[in-house]
Amino acid sequence: MTDKNEVSSFSNNHLINKDTDGIFVVVPAFNEDKTVGSVIEEIVKLGYNVILVDDGSSDNTYEIAKSSKSKYPDNIFIYQHVINRGLGAALKTGMTGALIHGAKFIVTFDADGQHAVEDIAKVCKPLKDGNADAVIGSRPFEDMPNSKNFANTVMNLMTYVFYRTKVKDSQSGLRAFKAEVIPKLNLLSRGYGVSSEFIREIRRNHLKLEEVTITTIYTPETQAKGTNAIVGLKILFKMIMDIFK
Amino acid sequence: MECVIIFGDIRLFQILVVFIAILAILLVFNRFHKKKTSITTFILWVVLWVLVAIFAIIPESSTYIANLIGIGRGLDLIIIFGIIGSYYLIFRVYLKLEKIDQDITKLVRIISIEKELNYELEQDQDENKDKK
């Protein structure tokens, strides 16, 4: 391995790495006790800081996250919603938390284990190089199961119709932003609609957007969540109602 | 055969509607008096119930207005405006609910941030104690 992933360990398990300094990975989690511990620990081992938002889970997500925090107290920060508020709300809490802790770059990352931790560096690179203000990690659609492929294609189309922005994967959970652009993003959607809202806000604020191809790990658990036809319809309804506001 | 109950020239439904309207106005007035309702809502409800009572007592008045705006029957006018009004109210309730929803989210976020900050503070204090 090159120096890139070289991690020096300090007392209190504080991990410092120049390449990952200032990068905060926001992980929203709702009933993800099977995967959350391994996901956040893997991220921390690479030297990133993790902001975990437990979105009112009824399982052991919070306890597992707390035990991970006791291993890496200076790299994992936990926020807990007392009641479930949805993906959009959890992401916003996480991003606010990252700003409080002095983040320079903020990455959003799903807790269900569908993303590869190595892709965090990939989505951060255009930000560090100064080529972009926001990066979206796009999953190759040809690898997706048919139903997901269809739902995501429809969502891309809807995002284009409503927000006039063509992106390869509007519903991707892996995104990266420069910290200074976060306060400009006006995110209102509580649920999965937030993914399309990110695209709208990127366009509204004239942010430089880059798209990076990422790998997606498909397991039965990761397939059960995310955008399906019903979620898609709900997002469409929300987009139409927003026009009348 | 005449199926409706008539007291002189007044029909039962007219008495019922006027009774309900008076009751509704009294209820709204009570809420307004206890400062539980704003003056706008109070006036809106009073106007609405007075109109309903007038249409019940003088059914011809609705026919007159209906003819004015090109709708055939008075009852049609009331139903059409009733439906439009209901939809408008549903929309208002939807917007209000969403506002409440956003407020709850904000509250939940503030609680989570406070809790985390307190946790960090406690941790710092513990560390300081250990050092001493």
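Visitor: How many residue pairs are in polar contact between chain A and chain B?
Guide: The model is a predicted one. For this count, both residues of a pair must have a pLDDT of 80 or more. Between chain A and chain B, the number of residue pairs in polar contact is eight.

Visitor: Which elements of chain A each supply at least two residues of the side that touches chain B?
Guide: On the side of chain A that touches chain B, the residues divide by class into 13 nonpolar, six polar and six charged. Each supplying at least two residues of that side are helix 2 (61-71), strand 5 (76-81), helix 3 (87-100) and helix 8 (229-244) of chain A.

Visitor: What area is buried between chain A and chain B?
Guide: The contact brings together 25 residues of chain A and 20 residues of chain B. Carbon and sulfur atoms give 60% of the area buried between the two chains. That buried area is about 1,900 Å².

Visitor: Which residue of chain A forms a salt bridge with B:D101?
Guide: The rule finds two salt bridges across the interface of chain A and chain B. In the salt bridge of B:D101, the closest N and O atoms are 3.6 Å apart, within the 4 Å cut-off. The partner of B:D101 is A:R85.

Visitor: Which UniProt annotation covers residues 25-163 of chain A?
Guide: Residues 25-163 of chain A are 46% helix and 19% strand, and the end C-alpha atoms of the span lie 26 Å apart. In the UniProt record, an unreviewed entry, the annotation for these residues is "domain: Glycosyltransferase 2-like".

Visitor: What percentage of residues 64-90 of chain B is helix?
Guide: The UniProt record, an unreviewed entry, lists residues 12-29, 41-58 and 64-90 of chain B under "transmembrane region". Residues 41-58 of chain B are 94% helix and 0% strand, with end C-alpha atoms 26 Å apart. Residues 64-90 of chain B have end C-alpha atoms 29 Å apart and 0% strand, and their helix content is 85%.

Visitor: How far apart are the C-alpha centres of domain 1 of chain B and domain 2 of chain B?
Guide: Chain B is divided into domain 1, residues 1-72, and domain 2, residues 75-131. Domain 1 of chain B brings six residues to the contact, and domain 2 of chain B brings five residues. The distance between the C-alpha centres of these two domains is 37 Å.

Visitor: Which residues of domain 1 of chain B lose the most area to domain 2 of chain B?
Guide: The area buried between the two domains of chain B is about 480 Å², and carbon and sulfur atoms give 89% of this area. Together, the residues in question account for 61% of what the side of domain 1 of chain B buries. They are B:F55, B:S62 and B:I71.

Methods: Residues are numbered from 1 along each chain as its sequence is written. Chains are lettered from A and ligands numbered from 1 in the order in which they are written. This is a predicted model: local features need pLDDT of at least 70, side-chain atom pairs count only at pLDDT 80 or more; totals for chains, interfaces and linings use all residues. Side-chain values use heavy atoms; hydrogens and water are left out. Domain bounds come from an automatic or database domain assignment. Contact means heavy atoms within 4.5 Å. Buried area is the accessible area (1.4 Å probe) that two parts lose on being put together, summed over both. A salt bridge is a side-chain nitrogen of Lys or Arg within 4 Å of a carboxyl oxygen of Asp or Glu. A polar contact is a pair of N or O atoms within 3.5 Å; within protein, one must be able to donate a hydrogen and the other to accept it, and residues adjacent in sequence count only if both atoms are side-chain atoms. Helices (H or I, at least four residues) and strands (E, at least two) are DSSP runs, numbered from the N terminus. Ala, Val, Leu, Ile, Met, Phe, Trp, Tyr, Cys and Pro count as nonpolar, Asp, Glu, Lys and Arg as charged, and the others, Gly among them, as polar. UniProt positions are given in the numbering used here, feature names are shortened, and annotations may be inferred rather than shown by experiment.
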